[in-house]
Amino acid sequence: MLKRSFDLAVSVVLLIFLSPLLCLTAIFVWLALGRPIFFTQRRPGLHAKVFSMVKFRTMTEERNQAGLLLPNEQRLSRCGTFLRSTSLDELPELWNVLRGDMSLVGPRPLLAEYLPLYSGRQARRHEVRPGITGWAQVNGRNVIEWGRKFELDVWYVDNRTMRLDLKILWLTVLRVIRRDGISREGHAMTPKFQGACDE
């Protein structure tokens with residue numbers, strides 16, 4: 001109950017305080033990529049219940065001659081690269097926190113298509129609300145392997161406290177300022193999870 005109250009209070013304050021930045025970012029996306037400004041995607045949350053997560057759009061809608069979208073790496077724009085490197089694309093997720101879909105701190109919500117691929121232990125990440133940031137994000141973010149990332153997520157589930165959440169939030173600010181762990185070397189995007197044995 002304390003965690004939810006904290007999430008509500010902080011997300012309201014941040015949405016008000018950051019509203020000028022949110023507006024400027026929205027204009028930046030509109031000028032660089034056009035509409036839509038926001039990108040929504042179905043992600044599993046608490047108890048694997050699927051919700052619509054909202055972010056600023058970072059990719060173009062470029063398609064091949066067959067009308068199919070180009071691979072993500074080819075559609076990631078300069079605007080999108082900047083937004084991801086500064087984590088500005090994540091700010092609209094404060095709305096998800098306000099709605100109760102997410103928490104400020106928790107395992108990052110991943111693609112719904114990964115749900116059948118988890119081992120029993122990895123699936124424990126859904127015992128708590130997903131977060132805008134989490135223990136895995138401040139311990140390597142996207143440069144660590146999937147197996148390590150899930151171990152950090154489950155460790156958080158078993159050891160979560162308000163004190164730990166405050167520590168993660170502080171470390172997140174430092175990581176964002178330093179732009180640490182944005183992507184693995186040689187990868188513009190995070191490689192897809194292939195299954196429980198994936199390393």
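In helix α7, the residues Leu164, Asp165, Ile168, Leu171 and Thr172 are buried, where buried means under 20% relative accessible area, exposed over 50% and partly exposed in between, with a 1.4 Å probe and protein chains only. Seen down the axis of α7, these buried residues fall within an arc of 130 degrees, so they line one face of the helix; the arc is that of the directions from the helix axis to the C-beta atoms. The face turned away from the buried side carries the exposed residues Arg163, Trp170 and Ile177. Helices (H or I, at least four residues) and strands (E, at least two) are DSSP runs, numbered from the N terminus.

The model is predicted: local features need pLDDT of at least 70 and side-chain atom pairs count only at pLDDT 80 or more, while totals for chains, interfaces and linings use all residues. Residues are numbered from 1 along each chain as its sequence is written, and side-chain values use heavy atoms, with hydrogens and water left out.

Helix α7 covers residues 162–178, and at 1.5 Å a residue its 17 residues should span 24 Å, which agrees with end C-alpha atoms that are 24 Å apart. The expected span is 1.5 Å times one less than the number of residues. After α7 comes Arg179, whose phi is positive, near 55 degrees.

What covers the buried residues of α7 includes α1 (2–17), β3 (103–105), β4 (131–133) and α6 (146–159). One of the buried residues, Thr172, has a relative accessible area of 18%. Leaving aside neighbours within four places in sequence, Thr172 is in contact with Thr133 and Val138, contact meaning heavy atoms within 4.5 Å.

Helix α1 also meets α2 (residues 19–33). Their axes come within 4 Å and cross at roughly 60 degrees; axes are lines fitted to C-alpha atoms, for helices over the stretch in contact, and angles run from 0 to 180 degrees between N-to-C directions. The two helices are therefore oblique to each other, since angles under 35 degrees count as roughly parallel, over 145 as roughly antiparallel, 65 to 115 as roughly perpendicular and the rest as oblique. Leu14, Leu15, Ile16 and Phe17 in α1 meet Ser19, Pro20 and Leu22 in α2.

Helix α2 has a further partner in α4 (residues 78–86), with axes that come within 9 Å and cross at roughly 155 degrees. That makes α2 roughly antiparallel to α4. Thr25, Phe28, Val29, Ala32 and Leu33 of α2 make the contact with Cys79, Phe82 and Leu83 of α4.
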